[in-house]
Amino acid sequence: MRWLLQLVSVFALAAVWFTVPALAGPDAKELYAARCASCHGPERLGGTGPVLLPDSFGRLKKEQIHKVIENGRPATQMPAFADQLTETEIAALVEFVTSQPKTPPTWAEADITSSRSMAANVQKVDKPIYSADPLNLFVVVETGDHHATILDGDKLEPLTRFATKPALHGGPKFTSDGRYVFFMSRDGWVTKYDLWALAEVGEVRAGINSRNIALSSDGKHIAVANYLPKTLVILSAEDLSVEKVFEAADKDGKPSRVSAVYQAPQRKSFIAALKDVPEIWEVATDPDAPPVYTGLVHSHEKGMVEGLASSSGLFALRRIETPVPMDDFFFDRNYRNLIGSARDGNEAIVVNLNVGRDIARIPLPGLPHLGSGVSWMRNGHDVMATPHLKESRISVIDLADWSVIKTLDTKGPGFFMRSHEDSPYLWTDVFFGPNKDLLHIIDKQSLEIVQSLRPAPGKTAAHVEFDRYGKYALVSIWENEGAIVVYDANTLEEVKRLPMSKPSGKYNVWNKINFSEGTSH
Ligand code: DHE
């Protein structure tokens with residue numbers, strides 16, 4: 001009996017020994033509930049503050065998250081906790097928010113529907129409430145303090161400025177009359193805004209971690225590409241209600257994130273890139289779309305393939321199989337072909353959307369950023385140029401035979417490119433590295449860099465957009481106390497500087513709705 005008592009006390013001591021350190025550490029879950037949940041949501045799915053799940057941090061490192069908790073985020077509602085939490089408590093919180101939750105979060109159709117709210121008192125107008133040209137407005141997305149500015153493109157003066165959801169990403173999408181614009185935040189919120197009444201129309205949350213949106217060519221449907229959950233959501237552009245939720249998975253049922261969705265106007269469809277499986281999706285936005293192949297029909301009883309499933313009409317889904325998962329698409333003028341990056345970053349693959357298969361490979365080492373590519377006519381040939389995210393170069397490709405006709409050396413890897421049909425120049429930023437404050441101006445015919453501009457020494461200069469006439473080029477200074485610098489697009493002289501809070505991108509209504517040569521689509 002005595003030996004039994006001794007054994008029990010040894011186990012008891014061991015239990016105390018092993019549990020003491022755990023008891024001594026801060027309980028991150030409790031800390032989160034007490035300090036963070038009111039803004040970031042009890043399940044970390046966001047609220048007034050952004051989502052706090054591993055996938056939503058993007059490139060933000062743990063040390064940077066630690067600093068944000070310690071010091072807060074200027075120009076946002078995120079306070080500093082340095083006086084209220086110890087180093088150990090902050091470190092525990094960092095571990096907590098960067099680890100996956102035990103139960104994967106869900107965002108079903110019912111959640112989307114209950115998140116929808118439409119503004120009750122939108123002023124009914126039948127023309128713009130201002131005298132500026134509504135088709136020469138710029139929508140400037142300011143990610144520094146989460147606002148958007150509507151800029152008169154003739155006078156280059158702000159018409160209004162309003163708060164947006166945090167972390168807008170991708171280009172806002174415009175209806176073809178230029179009246180409505182749709183924004184998307186990385187936390188899945190889609191907001192509809194009336195550019196005539198200068199008022200928000202409504203908003204809905206279509207996902208937890210979203211990539212971008214596309215608006216169908218008839219202006220009736222919005223597609224939302226989601227990482228979390230793995231869905232492609234179709235909303236009504238009229239009232240933001242849910243029209244369809246596609247669970248993203250390949251023909252064999254393997255789930256995938258949706259890395260982007262684009263509209264293909266001539267095809268009356270959406271084209272979606274699937275991140276984790278070798279398929280591209282084409283979703284019809286035409287109610288009269290002909291039948292398309294949707295996958296194999298398996299007979300589990302007979303253990304064999306019985307036939308092909310097909311669908312037709314609105315939202316008919318066509319699967320295009322690719323050699324590898326593809327991302328980051330550039331489309332040619334007729335949306336007949338797309339060029340996408342293979343994720344190893346060394347080549348691009350050309351897929352012909354009519355025949356539904358890959359038709360060429362282009363050697364493009366250094367991770368080309370094809371989504372930023374722009375095209376124009378040169379010596380009677382349709383050509384496109386793309387920056388590379390990992391190499392200091394621009395590649396120019398002949399779109400007739402997919403050959404690389406020129407490789408230009410730059411002062412660092414670039415992110416965005418822009419031109420305009422009435423401009424002889426192509427503008428590109430040097431986004432990464434010591435020359436992040438530099439822009440290169442390239443002659444579209446000679447394919448030589450004719451000038452380099454440094455609008456704000458030491459500060460990232462990025463993302464160019466032209467006004468509707470190609471007269472001005474607007475450049476962002478990517479700082480919380482940043483600016484839009486306006487250049488004369490011909491003389492390349494500075495015209496004006498407008499203070500803005502980290503203006504990540506700017507979008508001219510005319511250029512967008514007319515698919516101007518040289519802008520993003
Ligand atoms: Fe973007 C557009 C994907 C990181 C700012 N970005 C897009 C689009 C895609 C994309 C698919 C086209 C959307 C559209 O117009 O509908 N972006 C990705 C990525 O995969 C990547 C590399 C990693 C990620 O975390 O998502 C990425 N993007 C960034 C950034 O880090 C940038 C610089 C800062 C930010 O705001 O997050 C950034 N992306 C932008 C901007 C556009 C964009 C400003 C719109 C460009 C345009 O002119 O249309």
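Select R211: a polar side-chain atom of R211 lies 2.6 Å from an oxygen atom of the ligand. Polar contacts here are pairs of N or O atoms within 3.5 Å; within protein, one must be able to donate a hydrogen and the other to accept it, and residues adjacent in sequence count only if both atoms are side-chain atoms.

This is a predicted model: local features need pLDDT of at least 70, side-chain atom pairs count only at pLDDT 80 or more, and totals for chains, interfaces and linings use all residues. Residues are numbered from 1 along each chain as its sequence is written, and side-chain values use heavy atoms, leaving out hydrogens and water.

Next, pick N212, with a side-chain N or O atom 2.9 Å from a ligand oxygen. Then H463: a polar side-chain atom sits 2.7 Å from an oxygen atom of the ligand.

Of its 19 residues, R59, H169, K173, R211 and S520 come nearest. Strand β9 gives the largest share, 3 residues. Colour by domain (bounds from an automatic or database assignment): domain 2 and domain 3 both give residues to the shell, so the ligand lies between them.

Zoom in on the iron atom. Its only protein donor is H169 (NE2), at 2.2 Å. Donors are N, O and S atoms within 2.8 Å of the metal (3.2 Å for Na, K and Ca); water is not among the atoms, so sites may look incomplete. H169 is in the loop between β4 (157-163) and β5 (173-174).

Last stop: T428, in strand β28 (residues 425-429). The T428 side chain reaches the backbone oxygen of F416 at 3.3 Å.

Methods:
Helices (H or I, at least four residues) and strands (E, at least two) are DSSP runs, numbered from the N terminus. A residue is near a molecule or strand if one of its heavy atoms lies within 4 Å of it.
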